[in-house]
Amino acid sequence: MSWRASVLTLFPEMFPGPLGLSLAGKALAARVWSLEAVNIRNFAGDRHRTVDDTPFGGGPGMVMRPDVVDAALASVADGRPMVFLTPRGRPLRQHDARRFAEGTGVVVLCGRYEGVDQRVIEAHRMEEISIGDYVLSGGELPALVLFDAVVRLLPGVMGAADSAVEESFAEPLLEYPHYTRPAEWQERRVPDVLLSGHHGAVAAWRRAEAERITRERRPDLWDAYTSATSSSDGRTKNDEHHPAL
Ligand code: 9D3
């Protein structure tokens, strides 16, 4: 059985969207995974197909009704984990993508309006996940982000080399910079060490660059890296690894 994604949305036409053109799209065509976009509006109970209502307690905007969302969830529920994409959620991490990839699939609820009635989220014990601290207009783009992060981890989607790297490294450093021909372009030279043919010197330079860039851009990752790896001889388990982030 292939990995199965169901996405509940008011904008089913947004799927598979750009994923249809990428590595994930190839895997979709090859039936490595399937994607079902369910229109929440099809589960409205009234003639006007109403899915939202005004918030109890007052305030701006509209809230998605729990009965409508519940009916949509019930139409796809089969034991897969259920995710509600919301700016209030816990940030999505690589660990989550790995966890979802190891299961049979996922059911994802995309909010629009100000939100979804909290009772239906709790009733289904949904995981609340965000993709970062910026405001989008709905959960659909986050759903595409989540699917892309998961699908590339499914067996047979990435090249064998990439997969091996993905499996064995939980490298907490950002990647070193990359260069290719020409060796000089618009008066900018590729760092000499990369042309030297000294593999040890290349590895040391890349490590130093990865550390510098991580320190400058992501002090949070740097702190985690230095506290997890500092030891008396200055060498660490991470010294064996290559950047994968
Ligand atoms: C006025 C309060 N807003 C919260 C910051 C309300 C609100 C804004 C945007 C409620 C929903 C949305 C739509 N965004 C998502 O549904 C969403 C999202 C996001 O905006 N950023 C990062 N991750 C996510 S996951 C779902």
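**Buried positions, cores and ligand surroundings in a predicted model**

Threonine 214 counts as buried, its relative accessibility being 0%, where buried denotes a relative accessible area under 20%, exposed one over 50%, and partly exposed the range in between, with a 1.4 Å probe and protein chains only. The model is predicted, so that local features require pLDDT of at least 70 and side-chain atom pairs count only at pLDDT 80 or more, whereas totals for chains, interfaces and linings use all residues. Residues are numbered from 1 along each chain as its sequence is written, and side-chain values use heavy atoms, with hydrogens and water left out.

Threonine 214 belongs to helix α7 (residues 199-217); helices (H or I, at least four residues) and strands (E, at least two) are DSSP runs numbered from the N terminus. Its side chain reaches the backbone oxygen of alanine 210 at 2.7 Å, a polar contact being a pair of N or O atoms within 3.5 Å, of which, within protein, one must be able to donate a hydrogen and the other to accept it, and residues adjacent in sequence count only if both atoms are side-chain atoms. When residues up to four places away in sequence are not counted, threonine 214 touches Pro172, Leu173, Leu174, Pro219, Leu221 and Trp222, contact meaning heavy atoms within 4.5 Å. Leucine 173 is located in the loop between α6 (160-168) and β9 (184-185) and is likewise buried, with a relative accessible area of 0%. The C-alpha atoms of leucine 173 and threonine 214 are separated by 5.9 Å, although the two residues are 41 apart along the chain.

The protein chain as a whole has eight helices and ten strands, and 36% of its 245 residues count as buried. Among its contacts between residues at least 6 apart in sequence, 77% join residues at least 24 apart.

The largest nonpolar core has 27 residues, of which Trp3, Trp33, Phe100, Val108, Ala143, Phe147 and Val151 touch the most other members; such a core is a set of buried Ala, Val, Leu, Ile, Met, Phe, Trp, Tyr and Cys residues joined through side-chain atoms within 4.5 Å. At least two residues of this core are supplied by each of β1, α1 (23-29), β5, α3 (94-102), β6 and α5 (140-151), and the largest share, seven residues, comes from α5. Another core, of 20 residues, lies apart from it and includes Val69, Ala72, Met82 and Val107. In helix α2 (residues 66-74), the buried residues are Val68, Val69, Ala72 and Leu73; viewed down the axis of α2, they fall within an arc of 135° and so line one face of the helix, the arc being that of the directions from the helix axis to the C-beta atoms. Their cover includes β1 (3-9), β4 (63-64), β5 (82-91), β6 (105-110), β7 (115-116) and α4 (118-123).

Around the ligand there are 17 residues, of which Ile131, Gly132, Tyr134, Leu136 and Gly138 come nearest, a residue being included if one of its heavy atoms lies within 4 Å. A ligand nitrogen atom is 3.1 Å from a polar backbone atom of isoleucine 131, and a nitrogen atom of the ligand is 3.5 Å from an N or O atom in the side chain of serine 130. An oxygen atom of the ligand lies 3.4 Å from a backbone N or O atom of glycine 139.
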